[in-house]
Amino acid sequence: MEASCLDLALEGERLCKVGDYSAGVSFFEAAMQVGTEDLQVLSAVYSQLGNAYFHLHDYSKALEFHHHDLTLTRTTGDQLGEAKASGNLGNTLKVLGRFDEAVVCCQRHLDIARELGDKVGQARALYNFGNVYHAKGKSICWSGAEPGDFPEEVMTALRKAAEYYEANLCIMKELRDRAAQGRTYGNLGNTYYLLGNFRDAMASHEQRLLIAKEFGDRSAERRAYCNLGNACIFLGEFERAAEHYMKALQLARQLKDLAVEAQACYSLGNTYTLLQDYERAIDYHLKHLIIAQDLDDRIGEGRACWSLGNAHTALGNHDQAMHFAEKHLEIAKEVRAIIDPSVGTYLEVPLLFVSKEICYNCFIALNCTECVSVYPAFSESAASPGQEPFLRLLASAQGRRLDEQRAGTGNSLPGLRTLSEHSSTSSRQMILSQVMASTDATEPDDQFFDMLVKCQGSRLDDQRWAPPPPSTRGPTVPDEDFFSLIMRSQAKRMDEQRVTLPSCR
């Protein structure tokens, strides 16, 4: 007996719940091939398929199916479904760096939830809003500036993120959802950290730690300790930072996660450098180096060698310092990287770049064809509306949507079976009338699509922002770096060691 669309969809959902998203996608795709006349089932398939593709990092496909879900739910007047689809679209657009469009979707999600008096929906929309502004702020603060010293545009985005997270917390406390509170406290702490509000960051991360312990979530507990250590570093409380990193290291070992164990060792090594306890710094940098080598993380290995060279120099171990300096140089050449001693960060030099000037100009002006061949996502042509299904649909959202509905919506909504031989004429007519209900009338919510279309007009200008360089952080190197603090600390020590020359008499 042939499986129905619903049966296939249920199996796809089961597979996704156990983390087998590839297999889940196969069943959802099969469900669409079979087709269905049940619009609720079809909406669920679109939503689940979009989420599965999201987990597989195929964001263009995720965008496509969440858009199908939005179109279907809006056309049939399913407000809860539309809110959910808007939230999913917003999350996907956020990951793609299309923040203005994501904001519109989040606002639609929030508006519907408020209209329906849906507290849980409001909280989710506020949380998504916070995530969008948090991601927007982080996307343009990669220039090496320290927390709290970012451009005003970044600070504005981060302040909005904090406001939305705080609003989410109010509702989650009202609903007594401790797990959701924990997630929000973690994100709020990270946002305060970037804003330079380190005391507030610590307060949030302490709450995150408390809730993680309540649930026995050791991964979240480890992250909280790491974040607490980061905040302590910028408060100058290095001993306390070392205590937090040590607890993070212990949890990483319990979790048997070598990469995060190495990250904790790296953080401890740098913290002991700041404490001028170079022997202990060397111990932890060696631990980091060994794991980086085991995981074939050449960038992490290079960082460890650079740190070890500095620590040995401070101790006067010049032969050892030279050994690690030479090893660092060898790795730097291998990965086509340049160390910038002012901030201690790597800049990747792709093979096809003729010179550093081309690399720099390419990142700033987006006009290097060699770069386009290596990083196609950085070119304006690769991100143009004409190349993306969602934007192509939005560009003519109103007129073409009506034309498609008049021509038969089954062609634009895959899996919608409206001409089944087993369906009665009245059944087919009912489905068609549902989908085409808004054909000859202006929809009350067209402003939602209008706002999305307007966002496209500014996207080319937005793309002229210099994109962040390709990630040079290996798996054993944490997100937070201490090089600027170490350099500043060393510079201060050099100033203190200068001796005033006697005046000539």
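**Note on aromatic pairs and a loop glycine**

1. Tyr193 and Phe234 are both buried (under 20% relative accessible area; exposed is over 50%, partly exposed in between; 1.4 Å probe, protein chains only). This is a predicted model, in which local features need pLDDT of at least 70 and side-chain atom pairs count only at pLDDT 80 or more, while totals for chains, interfaces and linings use all residues. Residues are numbered from 1 along each chain as its sequence is written, and side-chain values use heavy atoms, with hydrogens and water left out.

2. The whole structure holds 11 aromatic pairs (rings of Phe, Tyr and Trp, the last by its six-membered ring, with centres within 6.5 Å; planes under 30 degrees apart are stacked, over 60 edge-to-face, the rest tilted). Phe129 and Tyr164 count as stacked because their ring centres are 4.3 Å apart and their planes meet at 10°. Phe129 belongs to helix H7 (residues 119-139) and Tyr164 to helix H8 (residues 152-175), so the pair ties together parts 35 residues apart in sequence. Helices are DSSP runs (H or I, at least four residues), numbered from the N terminus. Phe129 and Tyr164 are both buried.

3. Tyr193 and Phe234 form an edge-to-face pair, with 5.7 Å centre to centre and 80° between the planes. Tyr193 lies in helix H9 (residues 178-195) and Phe234 in helix H11, 41 residues apart.

4. Ring pairs also join Tyr46, Tyr53 and Phe65 into a cluster.

5. Gly236 occupies the loop between helix H11 (218-234) and helix H12 (238-254). Its relative accessibility is 43%, so Gly236 counts as partly exposed.

Definitions and conventions
Helix = DSSP H or I, 4+ residues; strand = E, 2+ residues; numbered from the N terminus.
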